[in-house]
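Here are my notes for someone opening this structure for the first time. Have the model in view as you read, and take the points in order.

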Amino acid sequence: MARQKGVIKYVGTLGDIRHFKIKGQEGYFAGMVGGPSGDQVLTAPEFERTRENMNEFGACAKAGKSVRTGLSQVMKQMADSQVTGRLTSIMKKINLEDQTEARGYRKIEITTQRNYLKGFEFDKNSSFNGIFNAPFSLTHTVDRESGEFVVDAFNPANLVNAPSGATHFRLITSLSVVSDFEYNSTTNSYDPMDAALNEVNDIQYSPFLDLYAPVPATTITATLPNGAIPTVNTTVLQCIGIEFYQQVGPNYYLFSSGNCLKVEDAF
């Protein structure tokens, strides 16, 4: 694959060469035009495996989007530019674990493969455990509708790796529901097995905490809204995170860097 380094930037096809950008990479790329037509891929018998892969890949992208949508309130300042692809990749691994359906129609059964999501960092360049080192624990109710992020009293000067210029921080906990997905022959698409609960969420914050003063024991509780109770076809993601701020007078200004979010548990 050629990479364009000159000052002329363009995308599209010029003769037999097409020019394009790749998300997350700098510069412009070029490659030869060729390969099968769209109609061939969609209808020719020799592309049956390709169609099966396309069908399942689209489903994995849809399942990953449900995770992101459930956390959309905090995603902008917490995620790297490749989080979509990384979540889709995890969902594909889960998809491959299904041995009950035919290839091209395998389920995305998150409920049986939750370990794939545990420990997921939404910004691969910013680890929660590398920034926040105070002792904490997580709990959740038997029905999975509520969870707590419990932090012992601590001194942030020793246990929080804050970006330069920050004066305060907030701790975050969230519960977000993601459904298993299965192929629906009526709609010819993958749909959540529990659409009503899919993407239901609650995100809660601690008060603004001073980086230069002892922090008292803190408990943050997230509870799914409207009495929602997760069902057998759903997984609850319990996430924890931290945001950094600079105080100017009575106002707190959110930093664009240093913030992070992690799936600490999935149940």
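1. Start with the charged trio. Glu-56, Lys-92 and Arg-106 are linked in a network of salt bridges. A salt bridge here is a side-chain nitrogen of Lys or Arg within 4 Å of a carboxyl oxygen of Asp or Glu. As background, side chains of opposite charge can pair when their charged atoms come close.

2. Before going further, a word on what you're looking at. This is a predicted model, where local features need pLDDT of at least 70 and side-chain atom pairs count only at pLDDT 80 or more, while totals for chains, interfaces and linings use all residues. Residues are numbered from 1 along each chain as its sequence is written, and side-chain values use heavy atoms, with hydrogens and water left out.

3. Lys-92 and Glu-56 meet through their side chains in a salt bridge of 2.9 Å, N to O. Because Lys-92 sits in helix α4 (residues 83-96) and Glu-56 in helix α2 (residues 48-70), this pair ties together parts that are 36 residues apart in sequence. Helices (H or I, at least four residues) and strands (E, at least two) are DSSP runs, numbered from the N terminus. Lys-92 is partly exposed, at 21% relative accessible area, whereas Glu-56 is buried, at 1%. For those words, buried means under 20% relative accessible area, exposed over 50%, and partly exposed in between (1.4 Å probe, protein chains only).

4. Arg-106 lies in the loop between α4 and α5 (128-131) and Glu-56 in helix α2, so here the pair ties together parts that are 50 residues apart in sequence. Both Arg-106 and Glu-56 are buried.

5. How many salt bridges does the rule give? The count comes to six. Another one of them joins the side chains of Lys-262 and Glu-264, at 3.2 Å from N to O. Lys-262 is buried at 10% relative accessibility, and Glu-264 is partly exposed at 24%.

6. Follow Lys-262 into its strand. Ile-240 stands opposite Lys-262 in β15. Strands β13 and β15 run antiparallel and are joined by six bridges; two strands pair if DSSP finds at least two bridges between them. Six of the seven residues of β15 are buried, so the strand is largely enclosed by the rest of the structure.

7. Strand β13 also holds Glu-243, which is buried at 1% relative accessible area. Its side chain makes a polar contact of 2.8 Å with that of Gln-77. A polar contact is a pair of N or O atoms within 3.5 Å; within protein, one must be able to donate a hydrogen and the other to accept it, and residues adjacent in sequence count only if both atoms are side-chain atoms. Leaving aside residues up to four places away in sequence, Glu-243 touches several others, among them Val-74, His-168, Arg-170, Tyr-205 and Asn-259. Contact means heavy atoms within 4.5 Å.

8. The largest nonpolar core has 28 residues, and Leu-71, Met-91, Ile-108, Phe-122 and Leu-237 have the most contacts inside it. Such a core is a set of buried Ala, Val, Leu, Ile, Met, Phe, Trp, Tyr and Cys residues joined through side-chain atoms within 4.5 Å. At least two residues of this core come from each of α2, α3 (72-78), α4, β7 (168-179), β13 (234-248) and β15 (260-266). Helix α4 gives the most, with five residues.

9. Zoom in on Met-91. Not counting residues up to four places away in sequence, its contacts include Cys-60, Val-67, Ile-108 and Leu-117. There is also a second, separate core of 20 residues, which includes Ile-131, Phe-132, Ala-166 and Ile-242.

10. What about the cysteines? Cys-60 is buried, with a relative accessible area of 0%, and Cys-239 is buried, also at 0%. A search of the whole structure finds zero disulfides, a disulfide being a pair of cysteine sulfur atoms within 2.5 Å.

11. Most residues other than glycine have a negative phi. Asn-188, not a glycine, has a positive phi of about 55°; it lies in the loop between β8 (181-184) and β9 (189-192) and is exposed at 53% relative accessibility. Glu-199, not a glycine either, has a positive phi of about 80°. Glu-199 is in the loop between β9 and β10 (201-205) and is partly exposed at 29%.
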